[in-house]
Amino acid sequence: MMRQTADRFFEAIDATWPAARIIRQGPITIRDGQGGGKRVSAATADAPVSGADISAVEAEMQCLGQHPLFMIRQGETEFDEVLERRGYAVVDPVVVMATDIANLTDVPVPRLAAFAIWEPLAIMAEIWAKGGIGPARLEVMHRASLKTAVFARSNQKPAGTGFAAVDQEIAMVHAVEVLPEHRRQGVAGWIMRQAATWAQANGATTMAVLCTKENTAALKLYAGLGFEPVTEYHYRQLS
């Protein structure tokens, strides 16, 4: 049974999809994403924040070549309101979903349906690229410590890929991408189950995923696999 707190899931997010560098600026943590997307480029508050703190972070992020961006975790209402008054708009509300890993390892993965493999094959990089997951995000994957990629096939053809990493008892799956012609054929489900089998063998007892609220198809998929919402966050970006 899952017993992790929301903070524990956010620790696992940072560990399994790591920024290139972490910078502490007063009560705020700045992530140097080096083009790897919002998750590794957003700043977060560790304590109450003043306007001067935000201004200092804005300057530091601009020096990094990053547009000012903050992650607001569930319950950080005051910080959220401060950023809104400064002209920051809400971007990409995200749900963190999790399940006991045993819920995903109860059905054997069919032979030749999915494989855990590291390093990724060239065809996997091609599939990711078609979904907008390019070299900078592949570098994020390489930075994780305990990790694998999953390659899925359907009808004897390359069909999809994903990335999984373990942080203590939590495994997280990121960057699931299925080619359009293979969608709605169960490919994503086999990717998740293969990732769970690998993660369980590496000590994980809980599996988590991140999904934007607007991605209703993925939310339905994960719910069907037994995932439940555990916390959420959104970004604030300067308009």
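**View 1. Phe70 in the predicted model is buried****.** Its relative accessible area is 0%, so Phe70 falls under the 20% cut-off for burial. Tyr88 also counts as buried, at 2% relative accessibility. The rings of Phe70 and Tyr88 have their centres 5.5 Å apart. Their planes stand at 75°, so the pair is edge-to-face. This pair links distant parts of the chain. Phe70 lies in strand β4 and Tyr88 in strand β5, 18 residues apart.

**View 2. Strand β4 pairs with strand β11****.** The two run in the antiparallel sense, joined over five bridges. β11 spans residues 228-238. Within β11, Tyr235 is the bridge partner of Met71.

**View 3. Eight strands form an open sheet****.** Their order is β4-β11-β5-β10-β9-β8-β7-β6, and the pairing is mixed. On average, neighbouring strands are turned by 25° against each other, direction ignored. Helix α3, residues 77-85, packs on this sheet. The helix touches β4, β5 (88-100) and β11. The direction of α3 makes about 150° with that of β4.

**View 4. Phe10, Tyr233 and Tyr235 form a cluster****.** Ring pairs link these residues. Arg73 places its charged end over the ring of Phe10. The distance to the ring centre is 5.9 Å. A search of the whole structure finds seven aromatic pairs.

Terms used
Residues are numbered from 1 along each chain as its sequence is written. This is a predicted model: local features need pLDDT of at least 70, side-chain atom pairs count only at pLDDT 80 or more; totals for chains, interfaces and linings use all residues. Side-chain values use heavy atoms; hydrogens and water are left out. Two strands pair if DSSP finds at least two bridges between them. Helices (H or I, at least four residues) and strands (E, at least two) are DSSP runs, numbered from the N terminus. Axes are lines fitted to C-alpha atoms, for helices over the stretch in contact, and angles run from 0 to 180 degrees between N-to-C directions. Contact means heavy atoms within 4.5 Å. Rings of Phe, Tyr and Trp (its six-membered ring) pair if their centres lie within 6.5 Å; planes under 30 degrees apart count as stacked, over 60 as edge-to-face and the rest as tilted. Buried means under 20% relative accessible area, exposed over 50%, partly exposed in between (1.4 Å probe, protein chains only). A charge sits over a ring if NZ of Lys or CZ of Arg is within 6 Å of the ring centre and within 35 degrees of the ring normal.
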